[in-house]
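Please look over the sequence and the structure shown here before reading on. The paragraphs after them are meant to be read alongside both.

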Amino acid sequence: MNFTYETTRLIMRIVPPAEAQDVLEFYSGDRELFERYEGEHVPQFYTREFQKENLQQEYNMACKQVHVRFYVYLKESPAHIIGTVCFHNIQKILYSSCEVGYKFSRAYHHRGYATEALEKGIDIMFSELGLHRIMAWVVLDNTPSIQLLTSLGFQFEGINRERALLHNQWVDHAQYSLISPLK
């Protein structure tokens, strides 16, 4: 697995700790949007120091192929993060599966960038890491995310009741999965 990939319009990279300020600006820029679907962050999450340490941990996990977060950039603006696609809980033995999560800045919604990045990431997980199954969980009212997953071939598997604690409330999630076409 490489740490940098390109698609028609995008660059996807595993980011080193030296780029912590760029990552902080990405998360801070759409904080309200991102936090709507995430659990509470530790107080220091929105600091350069925290992001630097987190990027080092993510880099180490990517080397072990247990957690891979690609930051997404437009080719015409390779210094500005527009989104992230993360494949986590990668299990090669027995389950041959992982989970996927993603987020894109509001300014880049409805342009096909998430689809393009996810298609590439899914291809990497199936063809390069040899995984068999990718799972995603979505808050039930997140219609754009559900539409994105189904457009990529993910199938609805059911409701995970009270799956995550979001803003002091247990929230149900829809579970989707995609099985590798490679046999």
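What follows moves from the protein as a whole to two of its residues.

This is a predicted model, in which local features need pLDDT of at least 70 and side-chain atom pairs count only at pLDDT 80 or more, while totals for chains, interfaces and linings use all residues. Residues are numbered from 1 along each chain as its sequence is written, and side-chain values use heavy atoms, with hydrogens and water left out.

The secondary structure comes to five helices and eight strands, where helices (H or I, at least four residues) and strands (E, at least two) are DSSP runs numbered from the N terminus. Read from the N terminus on, the elements follow the order β-β-α-α-α-β-β-β-α-β-α-β-β. The C-alpha atoms fill a box of roughly 40 × 40 × 35 Å, taken along the principal axes. The radius of gyration of the protein is 16 Å, which agrees with the value near 16 Å that a compact globule of 183 residues would have; this radius is taken over C-alpha atoms, and the globule rule is 2.2 Å times the number of residues to the power 0.38.

Of the 183 residues, 49% count as buried, a term that means under 20% relative accessible area, as found with a 1.4 Å probe and protein chains only. Among contacts (heavy atoms within 4.5 Å) between residues at least 6 apart in sequence, 60% join residues at least 24 apart.

T84 lies in strand β4, which covers residues 77-91, and T84 is buried, with a relative accessible area of 1%. Leaving aside neighbours within four places in sequence, T84 is in contact with several residues, including F26, R69, F70, Y102 and F104. For F70 there is a further detail, in that the backbone oxygen of F70 lies 3.2 Å from a polar atom of the side chain of T84.

W137 belongs to strand β6, residues 133-139. Why does W137 count as buried? W137 counts as buried because its relative accessible area is 19%. Beyond the neighbours within four places in sequence, the contacts of W137 are E99, N160, R163, H173, A174 and Q175. With N160, the side chain of W137 makes a polar contact of 2.6 Å, side chain to side chain; a polar contact is a pair of N or O atoms within 3.5 Å, and within protein one must be able to donate a hydrogen and the other to accept it, while residues adjacent in sequence count only if both atoms are side-chain atoms.

Notes
Buried means under 20% relative accessible area, exposed over 50%, partly exposed in between (1.4 Å probe, protein chains only).
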